[in-house]
Amino acid sequence: MLGVAKNATPDDIKKAYKKLALQYHPDRHVNDSEADKKAAEDKFKEAAEAYEVLSDPQKRQRYDQFGFAGMGGAGGFSAENIDLSDIFSHFGDLFESWGMGSSSGGGFSSFFGGSGGGQRVRRGNNLRVKVKVTLEEVATGVEKKIKVRKAVACPHCHGTGSADGVMNTCPTCKGKGRVTRMRQSIFGQMQQVEICPDCEGEGKVITTPCPHCHGEGVVRDEEVITIQIPAGVAEGMELTIPSKGNAAPRGGIPGNLLVLIEEEQHPDLVREGNDLVYNLLLSVPTATLGGQIEVPTLQGKVKVPISAGTQPGRVLRLRGKGLPQIDGYGRKIAQGDLLINISVYIPEKLTKEEKEWMTRFQQSPNAAPSGYHDKRSFFKNLFG
């Protein structure tokens, strides 16, 4: 897309992007046909996408190794997935330094079929919260209600920012949200479209601002939000709740609520992927004679048989007693297991009678592994 070699330096990548951005920038295609504008838009978006990936060392490494699949794509790039306003917000400093217009995006979206005939639609900021879940909740999924303090639509003006509900067409831009100016550039005299300074791109102005929100249409308040947390989530996973972030000024698009998952430590079980691990400490008699013990699971305690002569380090597996693995459609595709790691407790203090028992048992041929006594005699003769 940028026409650079795989070993291109960051400066090479930046120069290649600058060249394409200058070639396909909206300022240079104001008077083109709609088809040519669309073609320029796609090229402009593709160049920005390529630059965003290759200018980030981690993304570039993933792309070098996996191609588009490493970027989360399906093997190809689609310019339809990129918003011009996002490009200008990310790389606005580059455009300004190259003399290519304001980072605010001015009327750029109007050149390429932006909504509302070029009127600016405000968007609220995203919010990020942390939510703790137990392993029991991870196993089944859970609904949680959280209280969030955020920007909400002003209840007095219903988010319009107008005290009387009246919104008048901006006389400066005639409701378009943008104004056209002529300027001198390195390419000669060029036509530049900018956000209207009077209505800030909205195409409408308020004559009587709401006294409660001062014309912004939003106030700070608390809201109780219900979150559906699916089964199988993990520590560090982030869920997106659309339109539950900060409200946007004057009826714009609300931001999203980003929910960061934190797992609470279980008193007995440790998570390893979709499996659960329980460390079981057996007594010497139980490990020797066998028996039956209870182990905790997320569904309650279960009895597990212990074979006679169970050795430390042995692992028992309870099928299906772990956590579910969920696909992107919310369907369970696998179920983890419960792994029981067995250790044997060696008492540190013994009574006189217990020592006598252990001494008599020590003399038994079954008290040590096969061949142990022969090895002990060999080393005793060798070292005296």
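**Notebook: a helix pair, a ring pair and some strands**

I started with the helices and found that α1 passes α2 in a left-handed crossing. A reminder to myself: this is a predicted model.

**Entry 1, helix geometry.** Two packed helices are described by the angle between their axes and the distance between the axes, so I looked up both. Helix α1 covers residues 10–24 and helix α2 covers residues 34–54. Their axes come within 9 Å and cross at roughly 165 degrees. Angles over 145 degrees count as roughly antiparallel, and therefore α1 is roughly antiparallel to α2.

Next I listed the residues in the contact. From α1 I noted Ile-13, Lys-14, Tyr-17, Leu-20, Ala-21 and Tyr-24. They meet Ala-40, Lys-43, Phe-44, Ala-47, Ala-48, Tyr-51 and Leu-54 in α2.

How many aromatic pairs does a search of the whole structure find? I got one. The partners are Tyr-17 and Tyr-51, with 4.4 Å centre to centre and 10 degrees between the planes, and the pair is stacked. Tyr-17 sits in helix α1 and Tyr-51 in helix α2, 34 residues apart, so I wrote this down as a link between distant parts of the chain. I was pleased to meet both tyrosines again, as Tyr-17 and Tyr-51 are also on the helix contact list.

I then turned to the strands. An open sheet of three strands runs in the order β1-β9-β8, and its pairing is mixed. Which strands stand at the edges? I found β1 (127–133) and β8 (238–241) there; each has a single partner strand, so one side of each is left without a neighbour in the sheet. From one strand to the next, the twist averages 30 degrees.

I took a closer look at β8 with β9, the latter being residues 257–263. The two strands pair in the antiparallel sense over four bridges. For Thr-240, I noted Leu-258 in β9 as the bridge partner.

My last stop was β12 (residues 291–297) and β13 (residues 300–306). These strands pair in the antiparallel sense over seven bridges. A hairpin of two residues joins β12 to β13. What is the bridge partner of Glu-294 in β13? I looked it up, and the partner is Lys-303.

Notes:
Residues are numbered from 1 along each chain as its sequence is written. This is a predicted model: local features need pLDDT of at least 70, side-chain atom pairs count only at pLDDT 80 or more; totals for chains, interfaces and linings use all residues. Side-chain values use heavy atoms; hydrogens and water are left out. Axes are lines fitted to C-alpha atoms, for helices over the stretch in contact, and angles run from 0 to 180 degrees between N-to-C directions. Angles under 35 degrees count as roughly parallel, over 145 as roughly antiparallel, 65 to 115 as roughly perpendicular and the rest as oblique. A crossing is left-handed if the near helix is turned anticlockwise from the far one by less than a right angle, and right-handed if clockwise. Contact means heavy atoms within 4.5 Å. Two strands pair if DSSP finds at least two bridges between them. Rings of Phe, Tyr and Trp (its six-membered ring) pair if their centres lie within 6.5 Å; planes under 30 degrees apart count as stacked, over 60 as edge-to-face and the rest as tilted.
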